[in-house]
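Good morning, and thank you for joining.

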Amino acid sequence: MSLEIWNEKLNLSIDSLITEYRNNTKSLLTEGDLENLLYYHCKKNDLPIHSQITWFKDSRKSGYEVDLTILDEQKLYVEKFDEYDKLYYNFEYPHKGYFYDGKIIGIELKFVRKNKDLKKKILCDLKKLNEKIIPHKKTNIDNGVYKISDLPNVKFQILIGFKEETLLLLAKKHIEKYIQENLGLQEMVQICLFCPTKTEKLSL
């Protein structure tokens with residue numbers, strides 16, 4: 001399945017989640033609910049999705065956990081690699097009991113119920129992607145750590161739900177300002193904001 005089809009199915013899953021939330025606002029109370037619902041809708045659309053996958057630093061050490069990750073399970077290896085195995089397989093990839101090299105979509109999630117610390121909450125994942133995960137991934141690709149992965153096959157989706165529209169509109173202003181001033185590799189990131197009455201898919 002191509003990255004483009006993954007993106008189409010992910011957008012369909014997000015649309016289904018938003019419809020479910022609008023039909024029953026009690027379905028989303030926490031960020032955990034948001035993760036569970038998106039995971040469910042992605043699985044219904046046959047997406048190979050996993051929770052809390054580690055994205056590595058350019059030192060090949062464990063770096064950052066991303067809420068949900070879509071990856072090609074044919075290129076996901078779960079065999080145990082101890083020191084002997086590493087030598088036997090000429091193993092060079094970063095790993096945590098499994099390793100992966102291929103196209104990938106990372107998904108970060110937030111659910112916002114109140115205005116307190118709004119700017120910090122809604123920008124933290126965008127900053128993590130822009131200032132940490134993407135630069136480290138780029139460095140690992142440039143240094144040949146990955147043999148298959150390249151930047152055009154690495155995408156990110158930020159999905160933020162809000163209890164009410166006033167929070168969404170305020171958050172949108174903060175995000176657009178940050179994107180204009182800071183975001184480098186904009187083509188790698190999609191952002192969707194939603195509440196019971198409105199959806200905003202930001203074009204970067």
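Let us start with Thr69, which lies in strand 2, residues 64-71; helices (H or I, at least four residues) and strands (E, at least two) are DSSP runs, numbered from the N terminus. This is a predicted model, in which local features need pLDDT of at least 70, side-chain atom pairs count only at pLDDT 80 or more, and totals for chains, interfaces and linings use all residues. Residues are numbered from 1 along each chain as its sequence is written, and side-chain values use heavy atoms, with hydrogens and water left out.

Thr69 counts as buried because its relative accessibility is 0%; buried means under 20% relative accessible area, exposed over 50%, and partly exposed in between, with a 1.4 Å probe and protein chains only. Beyond its neighbours within four places in sequence, Thr69 is in contact (heavy atoms within 4.5 Å) with residues including Trp55 and Ile104.

Strand 2 as a whole is mostly covered, with 7 of its 8 residues buried. Two strands pair if DSSP finds at least two bridges between them. Strand 1, residues 49-55, runs antiparallel to strand 2 and is joined to it by 6 bridges; Thr54 stands opposite Glu65 there. Strand 5, residues 104-112, also pairs with strand 2 in the antiparallel sense, over 4 bridges, and Leu68 stands opposite Ile107.

Finally, confidence. pLDDT is the predictor's confidence in each residue, from 0 to 100. The protein chain averages 85, and 83% of the residues score at least 70. Confidence is lowest in helix 3 (residues 83-88), at a mean of 49, and highest in helix 2 (residues 31-44), at 97.
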